[in-house]
Amino acid sequence: MTAAQTPGATRTAVASRRRTPLGTWLLPTYVTVAFLILLIPIVYTFAFSFNDANRSNISWNGFTLENWLTVCSQPDVCVAFGNSLLVGAIATLIATTLGTMIALALVRYRFRARSSISLLLFLPMATPEVVIGAGLASQFLTIGVAKGLGTIIIAHTMFCLSFVVVTVRARVLSLDPALEEAGRDLYGSPRAVFWRITFPLLLPGIVAAALLSFSLSFDDFIITYFTSGTVQTFPVYIYVAAQRGIPPQANVIASAVFLIAIAATLVFQIVSARRAGRLRR
């Protein structure tokens with residue numbers, strides 16, 4: 001090996017070859033283009049919520065604030081949105097409650113068929129929604145249950161339950177059992193230990209599971225379409241209205257939901273940053 005071919009010089013040459021101009025701009029360009037493509041439907045929805053549309057909301061006719069001031073001038077839009085909120089809230093409450101208890105039982109207790117139950121809970125997550133929706137629709141028809149809000153809530157609770165169990169179970173596995181043992185050593189009753197130690201530690205996972213459950217329920221179309229009957233949720237209304245032109249009031253509601261979600265995320269990030277700063281001090 002000559003002096004010019006020392007290991008240090010070789011590593012420098014290899015590093016210089018790796019830092020090619022193509023690599024410095026290719027990844028940022030790809031990320032920017034992908035981000036813009038994802039934003040196009042959101043920007044379109046937000047922009048056409050200000051469209052002065054008549055029967056359809058396909059072409060731009062002019063700017064107006066009337067759609068935001070008279071959201072419920074199309075009553076079917078508000079009814080469908082209210083149905084989605086109601087179904088999402090009830091299904092989230094039931095799925096989060098049952099899922100938290102199931103997650104605690106799967107992690108903390110030993111019983112027969114524990115592994116089989118854990119496996120079965122993953123099946124709704126891996127099964128296509130069209131299969132779940134068609135199966136539930138046939139079951140409701142077989143037992144003679146009329147489709148409506150009740151059947152939608154049952155269906156949404158069933159498929160949200162698996163996501164809640166998986167999310168809360170991961171949080172339970174991260175807990176230190178010594179903290180609960182310390183509470184029992186201090187003569188705390190099982191109920192006091194749960195509400196004062198276990199539940200506060202589980203709360204971040206429970207909140208995350210509830211938010212995930214609500215978003216999945218609010219956004220679901222396929223399972224809802226099979227189990228809704230004559231009741232329309234917001235996604236079903238959008239699907240039906242798309243055949244004749246989505247009214248701008250639907251764009252207003254969709255834009256408002258997006259803005260509220262962004263605001264809630266920003267508030268959560270600010271509160272978390274302030275809390276972390278106080279803990280560091």
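## Aromatic pairs

Tryptophan 68 has a relative accessible area of 27% and is therefore partly exposed; the class lies between buried, under 20%, and exposed, over 50%, for a 1.4 Å probe and protein chains only. Phenylalanine 50, at 14%, counts as buried. This is a predicted model, in which local features need pLDDT of at least 70 and side-chain atom pairs count only at pLDDT 80 or more, while totals for chains, interfaces and linings use all residues. Residues are numbered from 1 along each chain as its sequence is written, and side-chain values use heavy atoms, without hydrogens and water.

The whole structure holds 17 aromatic pairs (rings of Phe, Tyr and Trp, the last by its six-membered ring, with centres within 6.5 Å; planes under 30 degrees apart are stacked, over 60 edge-to-face, the rest tilted). Phenylalanine 50 and tryptophan 68 form a stacked pair, because their ring centres are 5.5 Å apart and their planes at 25°. Helices are DSSP runs of H or I with at least four residues, numbered from the N terminus. Ring pairs also link Phe46, Phe50, Phe63 and Trp68 into a cluster.

## Largest pocket

The largest pocket has a volume of about 1200 Å³. A pocket is an open set of points on a 1 Å grid over the protein atoms alone, where a 1.4 Å probe fits, with protein on both sides within 12 Å along at least five of seven lines; lining residues have an atom within 4 Å of a point. Points are joined across faces, edges and corners, and the volume is the space filled by probe spheres set on them.

Of the 40 lining residues, Phe218, Ala254, Val257, Phe258 and Ala261 are the closest to the centre of the pocket. Helix 12 gives the most to the lining, with 15 residues. The lining has 31 nonpolar residues, eight polar and one charged (nonpolar: Ala, Val, Leu, Ile, Met, Phe, Trp, Tyr, Cys and Pro; charged: Asp, Glu, Lys and Arg; polar: the others, Gly among them).

## Nonpolar cores

The largest nonpolar core has 18 residues, and Leu136, Val164, Val168, Val172, Leu202 and Ile223 have the most contacts inside it. Such a core joins buried Ala, Val, Leu, Ile, Met, Phe, Trp, Tyr and Cys residues through side-chain atoms within 4.5 Å. Helix 7 gives the most to this core, with six residues. Another core, apart from it, has eight residues, including Val77, Phe218, Tyr237 and Ala241.

Methods
Helix = DSSP H or I, 4+ residues; strand = E, 2+ residues; numbered from the N terminus.
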